[in-house]
Amino acid sequence: MNLRRLLLILTPYAWLLLFFLIPFVIVMKIALSDYAISIPPYTPTFDISAGWDGLKEFLSGLDVENFTFLATDALYVTAYLSSLKIALISTVLTLLVAYPIAYGMAQASEEWRPTLMMLVILPFWTSFLIRVYSWIGILSNEGFLNQFLLWTGIINEPLAIMNTQNAVYIGIVYSYLPFMILPIYAALEKLDGSLIEAAEDLGCSKASAFWLVTFPLSIPGVIAGCFLVFIPALGEFVIPSLLGGSDTLMIGKVLYEEFFSNRDWPVASAVAVVLLLILIVPIVLFQRNEQKQREANQ
Amino acid sequence: MQMAQPGTRPVFAPWSDPAEKPLIQFRNVTKKFGDFVAIDNITVDIFRREFFALLGPSGCGKTTLMRMLAGFEAPTSGTILLDGVDIAPVPPNKRPVNMMFQSYALFPHLSVWDNIAFGLRRSDMPKEQIPARVEEMLRLVRLEKFAKRRPHQISGGQRQRVALARSLAKAPKLLLLDEPLGALDKKLRQDTQFELMDIQEKTGTTFVIVTHDQEEAMTVASRVAVMDHGKMIQIDTPDRIYETPNSVYVADFIGDVNIIEGTVADVAGGKVSISWAEGQPALIGTAPEGIAKGARVHYAIRPEKVAIATQPPSDRANVIEGTVHDIAYLGNISTYKVELPGGRMMKAQVANDRRIARRDITWDDKVWLSFTDTAGIVLLK
């Protein structure tokens with residue numbers, strides 16, 4: 001093997017080693033440590049000057065206590081399950097909102113498509129945090145939405161949306177909408193229009209042509225979009241902590257509390273490791289979907 | 001003008017039988033896209049069991065005409081009748097018409113079997129009869145072994161046959177074929193042309209084919225409509241389109257042709273003499289109707305009807321002297337490009353019935369081109 005090829009292959013591995021594997025090993029190590037009132041707030045710490053005996057002592061100080069603790073305390077299990085539920089529901093909601101938008105974009109005339117695409121991407125030009133903050137201004141009791149609804153007379157007293165689960169759903173759907181729209185749009189846009197005409201020619205109404213041809217052919221885009229929303233939504237922290245109330249239990253928020261309020265780094269690390277393990281399943285499925293897509297296109 | 005060749009005239013000619021009712025009638029159909037006139041006041045009848053070809057360059061309106069039959073476009077004015085019924089208000093999915101798309105438009109997520117069954121499942125055919133019909137279609141296009149494959153797992157020629165089977169499955173009154181063989185290579189295309197004709201005969205379906213390939217139209221069609229700028233210039237059987245084109249456009253579009261412009265010098269006894277170049281004897285041809293002395297006309301003659309010889313022939317009405325400028329050797333035939341006095345070129349085509357080594361004409365030879373007075377045609381437009 002020549003040097004160039006070696007370099008080409010080594011680069012991604014070096015990248016993974018540096019930015020994924022080493023940080024993961026550090027987090028894993030902390031997760032196996034014990035809480036201590038010290039700096040850093042865990043024990044044992046690895047001391048290279050102590051030599052071989054020091055290493056042995058260091059290894060014997062590690063245990064899986066924190067992981068068993070996660071399993072025994074109902075808070076964590078509930079938080080994981082509730083995160084899964086919220087991520088799942090908001091993925092479905094995002095899909096329901098995104099599909100018609102993507103479909104409309106794909107149906108729009110050629111000259112309008114770049115503009116529409118731009119409009120979908122435009123929110124990325126503003127900080128994510130600011131965009132989530134601004135929803136407080138819309139959803140709160142004195143917010144724009146309630147004021148508007150009161151003004152039109154549809155409601156008599158403000159709707160309590162802020163600090164509820166619904167606000168979290170709204171926040172997630174809004175924030176991750178582009179990640180759902182873009183892959184679906186990509187799938188719909190490359191759809192050959194003559195397929196729809198062929199379906200109609202063979203006796204389909206417009207609606208059945210959609211369900212029998214357009215939708216099945218856009219499924220890879222739907223799957224990709226769902227993963228792109230589900231994976232980050234599962235570990236979401238900003239949206240539930242800004243928009244959600246005290247009843248919204250999400251693992252991202254628990255992790256934050258554990259780390260910054262409790263300063264229990266070992267437990268926080270264990271929470272993070274388990275979250276990662278949970279995410280591996282959908283990530284692998286996502287990769288397989290992408291792979292299948294690539295093969296089908298060849 | 002009647003061609004004296006009763007032996008080759010097809011027996012199938014419903015268009016010349018006044019008692020025959022046409023399947024499709026276009027009546028003064030015009031289609032505009034904005035200011036662009038795609039179809040310009042077309043009136044034509046297409047009969048049952050016909051293989052009707054729409055032939056023309058891209059943008060001549062042939063595809064628009066076909067899409068109006070399928071129901072994807074509505075005429076701006078005029079009516080289209082199918083079996084005597086105006087089809088304008090009938091949506092594509094309710095028409096007894098099926099179309100084979102240029103891209104084939106096979107559903108990539110369905111197997112060959114399911115593609116063919118697609119239309120049948122939307123029809124009122126009882127569910128238990130569908131498998132038998134699909135099998136029948138698979139046999140017709142000889143794809144029984146490929147029923148379970150997806151479209152991307154079969155070759156281009158096989159895909160073309162799946163598309164054909166799918167569009168024939170519902171036994172439509174009319175099958176539309178949009179450049180059906182465009183994506184195939186030449187050899188496969190020729191084989192498939194005969195297969196298409198075979199299937200058309202077997203199923204008895206009326207076929208309307210759109211093509212820009214004149215050879216394809218000539219091979220498969222019972223009648224050919226040559227189109228240009230939204231108009232049908234000539235509608236006739238392939239042999240008559242070729243032998244008796246009604247205009248320079250048709251003569252030039254179909255096959256190879258020599259076109260000589262000249263002035264009518266004399267009309268007498270059904271013959272016309274055309275003076276076409278100074279110092280050259282006038283061309284003698286058969287006089288078309290309504291020709292008058294002094295008119296500007298075009299004389300069109302096919303290269304294969306021009307004989308080439310090293311000695312002046314004595315028995316031909318028209319003899320022109322020239323020198324060989326170029327020879328194109330095509331294997332079975334050779335085309336001689338002969339320079340006439342005054343720089344004009346004329347092509348003569350000769351079958352290579354002798355080995356090329358024994359060919360007695362070569363570059364820069366003095367030759368005589370000759371043809372009879374009935375070989376060419378005098379065109380007024």
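**Exercise 1. Find the order of the strands in the four-stranded open sheet of chain B, and say which strands stand at the edges.**

Step 1. Read across the sheet: the order is S2-S1-S4-S5 in chain B, and the pairing is antiparallel. Strands here are DSSP runs of E with at least two residues, helices are runs of H or I with at least four, and both are numbered from the N terminus. Two strands pair if DSSP finds at least two bridges between them.

Step 2. Look at the ends of that order. Strand S2 (36-46) and strand S5 (85-86) of chain B each have a single partner strand, so one side of each is left without a neighbour in the sheet.

Step 3. Check one pairing. Strand S1 (residues 24-33) of chain B is joined to S2(B) by seven bridges, and the two run antiparallel. Here B:Ile24 stands opposite B:Ile46 in S2(B).

A note before going on: this is a predicted model, in which local features need pLDDT of at least 70 and side-chain atom pairs count only at pLDDT 80 or more, while totals for chains, interfaces and linings use all residues. Residues are numbered from 1 along each chain as its sequence is written, with chains lettered from A and ligands numbered from 1 in the order in which they are written.

**Exercise 2. Work out how helix H6 (residues 128-139) and helix H8 (residues 165-189) of chain A cross.**

Step 1. Their axes, lines fitted to C-alpha atoms over the stretch in contact, come within 11 Å and cross at roughly 135°. Angles run from 0 to 180 degrees between N-to-C directions.

Step 2. Name the arrangement. That angle makes H6(A) oblique to H8(A): under 35 degrees counts as roughly parallel, over 145 as roughly antiparallel, 65 to 115 as roughly perpendicular and the rest as oblique.

Step 3. List the residues in contact (C-beta atoms, placed from the backbone, within 7 Å). A:Phe128, A:Val132, A:Trp135 and A:Leu139 in H6(A) meet A:Ala167, A:Ile170, A:Gly171, A:Tyr174 and A:Ser175 in H8(A).

**Exercise 3. Identify which parts of chain A touch chain B.**

Step 1. Count both sides: the contact takes 14 residues from chain A and 16 residues from chain B.

Step 2. Locate the helices. Helix H9 (193-201) and helix H10 (206-234) of chain A each supply at least two residues of the side that touches chain B. The largest share, six residues, comes from H9(A).

Terms used: Two residues are in contact if their C-beta atoms, placed from the backbone, lie within 7 Å.
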